[in-house]
Structures are given as structure tokens and as C-alpha cells.
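Here is a short report on one protein chain. Start with the fold, then move to single residues.

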Amino acid sequence: MSGTGAVTTRVRACAVSDLEVERGRAALFGTVQIALFLLADGRIHAVSNLDPYSGAHVISRGIVGTRGDTPTIASPLHKQVFDLRTGECLDTQGKPDAALQVWPVTVDDGSVYLDLVPEGQP
């Protein structure tokens, strides 16, 4: 069987203890900035730190919240609200649809790991 998907690399992002509940942290992997969020229930989400509406790397400074059962992050610049699970913009503030890239997160022995596609891979 041959796969057509991109190869991923599991990389350590930080220790869980480096994260604060409902406060974002930015991490740099090559040229990609990723925003990490620890929620009150212990779940950790990783999304692009690049705000697709402003072009600024500010999502880690956003406001964590919820829409029903959906964990969200609101951009600190124009207040667009994104689903932390899917990256989908839930409130575009009248602008075209956009989304944040999302990375799978695993926790192993107190460390946070991300599954990244190595640079140069499709």
C-alpha cells in the first residue's frame, strides 16, 4: 500500500508546565509560528499564530473563550473568533471566510508534542 499523504514529524514544543491556563504561548518551528493554548479542562490546542485577516503573528495574544461547547480564540486585533479544534472562523466580522491552520497535539510524560510536516514537504 502506498500513501499519498505528507510525512509528519513529531516535535517537542514545550513542557505542559510552560503553559498557563487560557493564556497563549507562541513557538517557532523553522519559519512557522504556532500558538499553543492550555484550556481549563486540560486540553491543549495548537493553531497558526498568523492572523489571516491582519497578517500579523498575534493569535497567541488572543482572548480564549467558548461558543457553546466549542473552545475559541478571538484575534486581539479585529476580534474575529476561531474554533480552536478546527481553525474555522466562526465570526468573520463581515470579512471573507478564512481559517487558522491546526496541528495535532499529544502529551507524553509532561511534554507537549506537535505533528508537523517538515519544511519543503507538500
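What pattern does the protein chain follow when read along the sequence? The pattern is β-β-β-β-β-β-β-β-β-β-β. That comes to zero helices and eleven strands. Helices (H or I, at least four residues) and strands (E, at least two) are DSSP runs, numbered from the N terminus.

This is a predicted model, in which local features need pLDDT of at least 70, side-chain atom pairs count only at pLDDT 80 or more, and totals for chains, interfaces and linings use all residues. Residues are numbered from 1 along each chain as its sequence is written, and side-chain values use heavy atoms, with hydrogens and water left out.

**Overall shape**

The C-alpha trace of the protein chain spans about 45 × 30 × 25 Å along its principal axes. A compact globule of 122 residues would have a radius of gyration near 14 Å, and the protein chain agrees, with 14 Å. The radius is taken over C-alpha atoms, and the globule rule is 2.2 Å times the number of residues to the power 0.38. Buried residues make up 38% of the 122 residues. Buried means under 20% relative accessible area, exposed over 50%, and partly exposed in between (1.4 Å probe, protein chains only). Among contacts between residues at least 6 apart in sequence, 43% join residues at least 24 apart. A contact means heavy atoms within 4.5 Å.

**Nonpolar cores**

The largest nonpolar core has 13 residues. Leu19, Phe29, Ile34, Leu36, Ala46, Leu114 and Leu116 have the most contacts inside it. Strand 2, strand 3 (32–38), strand 4 and strand 11 each give two or more residues to this core. A second, separate core has twelve residues, including Ala35, Phe37, Val47 and Phe82. A nonpolar core is a set of buried Ala, Val, Leu, Ile, Met, Phe, Trp, Tyr and Cys residues joined through side-chain atoms within 4.5 Å. In soluble globular proteins, nonpolar side chains tend to be buried together.

**The loop between strand 4 and strand 5**

Asparagine 49 is in the loop between strand 4 (44–48) and strand 5 (63–67). Its side chain reaches the backbone nitrogen of serine 60 at 2.7 Å. That is a polar contact: a pair of N or O atoms within 3.5 Å, where within protein one must be able to donate a hydrogen and the other to accept it, and residues adjacent in sequence count only if both atoms are side-chain atoms.

**Accessibility of selected residues**

| Residue | Relative accessible area | Class |
|---|---|---|
| Asparagine 49 | 1% | buried |
| Tyrosine 53 | 15% | buried |
| Phenylalanine 82 | 0% | buried |
| Glutamate 22 | 42% | partly exposed |
| Aspartate 109 | 78% | exposed |

**Positive phi**

Glutamate 22 has a positive phi, near 60 degrees. Aspartate 109 has a positive phi of about 50 degrees. Aspartate 109 is in the loop between strand 10 (105–108) and strand 11 (111–116).
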